[in-house]
Amino acid sequence: MNKLFFRILVLLMSLSLIGIILVQVFWFNSSFKNNDEQFKYHVTQVIGNVADKLEQQEEYSFYDKYNRIKDSTGKIPKKEDLLEVLYVQRNTKTNKTIVYSNTLTSEDYDISGSLFNKKFSSERFKNFSSKRVTEVYNNNNNIDNNTLGQSIIPDLKIEKSGSLDILNKVQQQIQYKDIASLTPIEGRITKDKLQKLLKKELEEYGVKTKFEFGVLNSGLATKIKSDGFHYDKDASYHIPIYTDNEGNSKYELFITFPHKKKFLLSELLSITILSIIFTLIIIIAYTSALNQLLRQKHISEIKTDFINNMTHEFKTPIATINLALDAIRNPKIIEDKEKVFRYLQMIRDENKRMHAQVENVLRISKLEKRELDITKEPTAIHDIIDDAIEHVNLILEDRHGSVVKHLNAARTTCLVNEVHFTNVLVNILENAIKYSPDVPEIEIFTENVKDMILIKVKDNGLGMSKIAQKRVFEKFYREHTGDLHNVKGHGLGLAYVKRIVEDHNGQVYVESEKGKGSTFIIKIPLIN
């Protein structure tokens with residue numbers, strides 16, 4: 001049930017994390033697309049405004065030139081009536097007649113198109129004005145179309161006159177566009193002026209990034225372009241400029257943004273960084289939580305294994321002690337001193353065995369709490385190796401094994417705690433003996449590497465997998481030994497080895513291959 005709950009919890013946490021990351025990615029994607037659309041809208045507005053302003057500026061320039069020429073001629077314009085509209089309204093009940101007339105007059109200032117462009121020498125510019133007259137006749141039945149304009153005096157007469165600005169503007173606009181269309185683009189706009197106009201408009205819309213621009217004439221580049229402009233229809237925004245009277249234009253303004261993506265991302269930078277930071281915090285928290293869960297699960301399994309192993313380890317000595325005590329209590333045995341001493345020795349040996357196991361556990365606990373007092377003195381490593389071999393001699397002889405020494409190190413004096421460092425080597429030698437299914441054959445090597453001494457303990461045992469090599473120095477860790485069931489222990493020996501070696505400012509690691517034995521290597525600094 002616990003395993004199932006653990007798996008469901010991990011699955012839910014993983015799905016939640018993946019969901020958060022996907023939401024963040026979706027949000028970033030959507031925001032980037034929205035920014036891109038907004039950017040496109042702003043740029044479209046900008047080039048539209050620029051196109052309008054270019055035409056307005058050209059039109060104003062043309063009108064200004066026209067007005068200055070008109071004012072400088074000093075001539076009285078020739079007038080010509082072009083059209084007269086007459087409208088008569090009579091009320092039969094009151095005999096009231098209203099007559100409305102509108103006369104359209106042109107004024108010619110003798111200004112020809114040749115002053116703007118030689119190709120328009122026959123074209124003339126004219127101003128148009130209107131004269132409007134309203135006459136009211138009361139109780140006069142003699143007025144008709146034939147008598148209008150004769151000596152009949154109206155009862156009320158209203159006269160209005162003025163220039164027809166709309167007609168004048170339309171006429172001038174038509175002629176100015178015809179004239180301007182024959183002027184080369186270089187004569188209508190300069191590169192610097194267009195660049196300043198674009199820059200000003202872009203900044204007003206918040207588009208503050210590098211841009212390149214160019215004016216194309218029927219798809220061909222003109223001289224009006226920025227130095228870095230390259231025509232790319234797909235990556236450009238464009239609009240027709242300088243349209244003619246028919247609404248057509250041979251010129252198009254193109255604008256490109258080399259750093260567009262960078263600019264769009266910069267607008268999302270602050271919120272994106274915050275999003276990434278929060279996502280990383282969630283990932284770190286998730287990883288930490290998952291690691292803690294796995295660690296707790298692993299520790300729980302280790303504790304269970306440890307309790308089972310300790311129970312098994314203590315069960316045999318306790319049973320042996322009970323049997324020995326029962327035997328001693330037997331009247332026949334108690335009289336036999338030799339047997340009594342033998343049973344007492346058994347009790348002492350089993351008691352010592354249990355005591356050693358307890359001491360091993362306590363020693364590791366003290367090491368972890370930094371309570372173990374380790375005093376160090378200059379000591380010859382070769383002497384410690386000899387002492388360690390002496391400690392395991394009885395076990396080795398029992399297995400008919402051997403230890404071969406290759407002590408090649410010239411300098412061997414290190415600052416060590418003799419007791420603990422001897423225990424380190426004893427632990428490694430005992431493991432070499434325990435994990436050798438056949439007759440143990442152990443070799444010990446020493447050599448100097450710079451200011452270090454290397455101690456190598458090589459055996460012909462079972463060897464270990466790559467995974468086991470990484471975890472062999474963990475507390476309580478024991479690799480499965482397959483068919484070898486007589487190997488006892490709690491996985492504390494090598495954890496103790498690692499802590500002691502590290503406390504001596506050294507390193508310990510293992511090289512091994514499954515079925516080909518293992519080599520434990522210890523590096524300890526020498527005394528200079």
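Predicted model: local features only at pLDDT ≥ 70, side-chain atom pairs only at ≥ 80, totals over all residues.

Glutamate 502 counts as partly exposed because its relative accessibility is 41%. Lysine 498 is partly exposed too, at 28% relative accessible area.

Now select lysine 53 and glutamate 201. Lysine 53 belongs to helix 1 (residues 2-73) and glutamate 201 to helix 3 (residues 191-204), so the bridge ties together parts 148 residues apart in sequence. Is glutamate 201 buried or exposed? Glutamate 201 is buried, at 2% relative accessibility, where the cut-off for buried is under 20%. Lysine 53, at 29%, counts as partly exposed.

Next, pick lysine 456 and glutamate 447. Here the side chains meet in a salt bridge of 3.6 Å, N to O. Lysine 456 has 24% relative accessibility and counts as partly exposed. Glutamate 447 is also partly exposed, with 32% relative accessible area. In total, the structure holds 10 salt bridges.

## The cavity

Select Ile385, Ala388, Leu425, Leu429, Ile444, Ile455 and Val457. These residues line the largest cavity. Helix 7 (381-391), helix 9 (418-434) and strand 13 (452-458) each give two or more residues to that lining. What classes of residue make up the lining? It has 7 nonpolar residues, no polar ones and no charged ones. The space inside is about 30 Å³. The count of cavities of 30 Å³ or more is 1.

## The nonpolar patch

Move to the surface. Select Trp27, Leu269, Ile271, Ile273, Leu274, Ile277, Phe278 and Ile281. Together they form a nonpolar patch with about 720 Å² of accessible area. Which element gives the most to this patch? Helix 4 (residues 260-329) does, with 7 residues. Zoom in on isoleucine 271, which is found in helix 4. Its relative accessibility is 39%, so isoleucine 271 counts as partly exposed.

## Last stop: a loop

Select histidine 230. This residue is in the loop between strand 6 (220-225) and strand 7 (236-241). Histidine 230 counts as exposed, at 61% relative accessibility.

Notes: Residues numbered from 1 in each chain as written. Heavy atoms only, no water. Helix = DSSP H or I, 4+ residues; strand = E, 2+ residues; numbered from the N terminus. Buried < 20%, exposed > 50% of the residue type's maximum accessible area, 1.4 Å probe, protein only. Patch = residues over 30% accessible without salt bridge, like charges linked within 9 Å, V, L, I, M, F, W, Y side chains within 5 Å. Areas by Shrake-Rupley, 256 points an atom, 1.4 Å probe, with all protein chains shown as cover. Salt bridge = Lys/Arg side-chain N within 4 Å of Asp/Glu carboxyl O. 1 Å grid on protein atoms, 1.4 Å probe; cavity = no way out; pocket = protein on both sides within 12 Å on 5 of 7 lines; lining within 4 Å. Points joined across faces, edges and corners; volume = space filled by probe spheres on them. Nonpolar A, V, L, I, M, F, W, Y, C, P; charged D, E, K, R; others polar.
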